Amino acid sequence: MECRLTSSLEPWFCQVSIRWEFDNSGERKKKVQEVKFGELIRNKADVELALRRAQAAVLNPNKPQTDYLRMTVAQLKDLRNELKFSRNTVCVQLSGPELTDLAFVDLP
């Protein structure tokens, strides 16, 4: 997971995206794509579920990521993932007046 925090005068928001850098066999793709995952989040309480959904999409790359956008916590828990691990990255962009400019990567 990659987290990017940005100080802004605008109200707080979060955008989750997925950086597709590797194919299903773990080989680096010729073209890296970072694709928005869902809509802009304005409610901080909605971030955790959005991240869980994005992680499920990364671990199930043969299904459209839109399949995961409305999954409940229970559905995510019952999901049998295609992969145990993926080198692709869930990216989290947070922006707001109370944040400091900072980026970090959380490795497993």
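Reader: What do the buried residues of H1 pack against?

Author: They pack against E2, helix H2 (73–78) and E4. Contact here means heavy atoms within 4.5 Å. Helices (H or I, at least four residues) and strands (E, at least two) are DSSP runs, numbered from the N terminus. This is a predicted model, where local features need pLDDT of at least 70 and side-chain atom pairs count only at pLDDT 80 or more, while totals for chains, interfaces and linings use all residues. Residues are numbered from 1 along each chain as its sequence is written, and side-chain values use heavy atoms, with hydrogens and water left out.

Reader: Ok, which residues of H1 are buried?

Author: Val47, Ala50, Leu51, Arg53, Ala54, Ala56, Ala57, Val58 and Leu59. Buried means under 20% relative accessible area, exposed means over 50%, and partly exposed is in between (1.4 Å probe, protein chains only).

Reader: And how does H1 lie on the strands?

Author: H1 lies across E2 and E4, and runs at about 10 degrees to E2. For such angles, axes are lines fitted to C-alpha atoms, for helices over the stretch in contact, and the angles run from 0 to 180 degrees between N-to-C directions.

Reader: How many residues does the largest nonpolar core have?

Author: It has 24 residues, and Cys14 and Val16 have the most contacts inside it. A nonpolar core is a set of buried Ala, Val, Leu, Ile, Met, Phe, Trp, Tyr and Cys residues joined through side-chain atoms within 4.5 Å. Strand E1 (2–7), strand E2 (13–22), helix H1 (47–59) and strand E4 (89–96) each give two or more residues to this core. The largest share, 7 residues, comes from H1.

Reader: What does Val16 touch?

Author: Not counting residues up to four places away in sequence, Val16 touches Lys36, Phe37, Ile41, Ala50, Leu51, Ala54, Val90 and Cys91.

Reader: Switching to the sheet. What order are the strands in?

Author: The order is E3-E2-E4-E1-E5, in an open sheet of 5 strands with mixed pairing. Two strands pair if DSSP finds at least two bridges between them. Strand E3 (28–36) and strand E5 (102–105) each have a single partner strand and stand at the edges, so one side of each has no neighbour in the sheet. From one strand to the next, the twist averages 15 degrees.

Reader: Parallel or antiparallel for E1 and E4?

Author: E1 and E4 run parallel, joined by 6 bridges. Leu5 has Leu94 in E4 as its bridge partner.

Reader: Where is Asn88?

Author: Asn88 sits in the loop between H2 and E4. Asn88 is buried, with a relative accessible area of 10%.

Reader: What does the Asn88 side chain reach?

Author: It reaches the backbone nitrogen of Glu21 at 2.6 Å, and that of Phe22 at 2.8 Å.

Reader: Leu83 is in that loop as well. What does Leu83 touch?

Author: Asn24, Val58, Leu59 and Pro61, leaving out residues up to four places away in sequence. Leu83 is partly exposed, with a relative accessible area of 22%.

Key:
Polar contact = N/O pair within 3.5 Å; in protein donor to acceptor, adjacent residues only side chain to side chain.
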